[in-house]
Amino acid sequence: MELIFLGTGGAWGLPEHSCPCATCRHLRAKGEHRGRTSLWLEGPAKLLIDPGPDLRAQLMRENLPRPDAVLITHEHGDHFLGLDELLCYRRAVPAQDWRPIPVYASAAAWEQIEPRFGYLLGSLLEKRLALPGQALAGFPFGRDLSCQPVKTDHGPMPKGSVGYRFAVNQPGGSLTLGYTSDMVSLSEPDAFAGLDCLVCQCHFFNEPQVNRANHLSLQRALEFLGRWRPGAVFFVHLSCQDYLPGDETVNAMLKKYAPADPLRAPDGAPYAIPRDQDSWQAAVERVFTDRGLDLPAKVAWDGLRVGW
Ligand SMILES: [Zn+2]
Ligand SMILES: [Zn+2]
């Protein structure tokens, strides 16, 4: 099984265009970039999770073929607005050879997606339902690849948000994998427990006083990870929205979220807010070590490929 991280940034990517904050200025100066979060899984089948607005550039960068299925986690634009880009696959083969690509999303998510992309259904895409708690039905899912949607809470809008839990049978043994997508909590708190690999949303470093974005912070994710104990965790969907009084990432923008009680090192001082790939990775490793959380953790980057 290979995971290809197509994008690892938040809803507007990183740096956000026009954003004057210190994080975005630093990333611009460094030439570091994250597209909208999206993941490609390649094993018994080729799966594309969350075709976001950066999909065309991501598919071209990785030179990827027609996926066997597309999985959408929820009806926010950064997770489905790239559906139209899939038309290129149909345009590249004779009409009689084309089979529509199955696309899975929850019923509530389809209520928002269908009015926007209904013209693609039937010809380019086949609408399929992702029902929380029920294994996805139809090819390419079966004995060697199964997937169960997990209901997640990502705030009042979107209503249709789900994560996905996969089980894969492959020549070297079996593998379980989870994809939280955007969430702040779950109705079934241990739905992602005991996986070999977890791709976990990490929108903030510190848990904000008011989590209006309804996203996981690293701080909040630590509580889940301590219970779920995945074999490895990869963080995605990073933003520039942390606000820590006194930290150099602070600026006057109001779209920042002050922490309730920031993550602190053993000496009591808050950790500096990480701004780029290297400082995020170093911060995650330090936080895990300081808390005795012994599991491999990687902050993913666009183009990262991992084999299992
Ligand atoms: Zn998102
Ligand atoms: Zn979202």
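Guide: With 26 C-beta neighbours inside 10 Å, Gly52 counts as buried; the label needs 20 or more other C-beta atoms within 10 Å of the residue's own, 12 or fewer make a residue exposed, anything in between is partly exposed, and C-beta atoms are placed from the backbone. This is a predicted model, in which local features need pLDDT of at least 70 and side-chain atom pairs count only at pLDDT 80 or more, while totals for chains, interfaces and linings use all residues. Residues are numbered from 1 along each chain as its sequence is written, chains are lettered from A and ligands numbered from 1 in the order in which they are written.

Gly52 sits in the loop between E3 and H2. These labels are DSSP runs numbered from the N terminus: helices are H or I with at least four residues, strands are E with at least two. Leaving out residues up to four places away in sequence, Gly52 touches Gly7, Arg36, Thr37, Ser38, Asp78, His79, Leu81 and Gly82, where contact means C-beta atoms, placed from the backbone, within 7 Å.

Seven strands form an open sheet with mixed pairing, in the order E6-E5-E4-E3-E2-E1-E14; two strands pair if DSSP finds at least two bridges between them. Strand E6 (125-129) and strand E14 (305-307) each have a single partner strand and stand at the edges, so one side of each has no neighbour in the sheet. On average, neighbouring strands are turned by 20 degrees against each other, direction ignored. Strands of a sheet pair through backbone hydrogen bonds, either parallel or antiparallel.

E3 (residues 46-49) runs parallel to E4 (residues 69-71), and three bridges join them. Leu48 has Val70 of E4 as its bridge partner. Axes here are lines fitted to C-alpha atoms, for helices over the stretch in contact, and angles run from 0 to 180 degrees between N-to-C directions.

Further along the sheet, five bridges join E5 (residues 101-105) to E6, again a parallel pair, with Tyr104 bridged to Arg128 in E6. E5, helix H4 (residues 107-117) and E6 make a right-handed β-α-β unit. Right-handed here means that, with the strands pointing away from the viewer, the path from the first strand over the helix to the second runs clockwise.

In H1 (residues 22-30), Thr23, Cys24 and Leu27 are buried. They cover an arc of only 95 degrees around the axis, which puts them on the same side of H1; the arc is that of the directions from the helix axis to the C-beta atoms. Just after H1, Gly31 has a positive phi of about 75 degrees. The buried residues of H5, including Phe224 and Trp228, pack against E11, strand E12 (233-236) and helix H6 (277-290). Arg229 follows H5 with a positive phi near 45 degrees.

Most residues other than glycine have a negative phi, and most peptide bonds are trans. Ser181, not a glycine, has a positive phi of about 55 degrees; its place is the loop between strand E9 (173-179) and strand E10 (185-186), and with 28 C-beta neighbours inside 10 Å it is buried. Cis peptide bonds join Phe139 to Pro140, with omega about 15 degrees, and Met157 to Pro158, with omega about 20 degrees. Pro140 lies in the loop between E6 and strand E7 (145-153), and Pro158 lies in the loop between E7 and strand E8 (162-170).

Finally, the whole chain. The protein has six helices and 14 strands. Its radius of gyration is 19 Å, close to the 19 Å that the globule rule gives for 308 residues, so it is as compact as a globular protein of that length; the radius is taken over C-alpha atoms, and the rule is 2.2 Å times the number of residues to the power 0.38. Buried residues make up 46% of the 308 residues.

How values were computed:
Contact = placed C-beta atoms within 7 Å.
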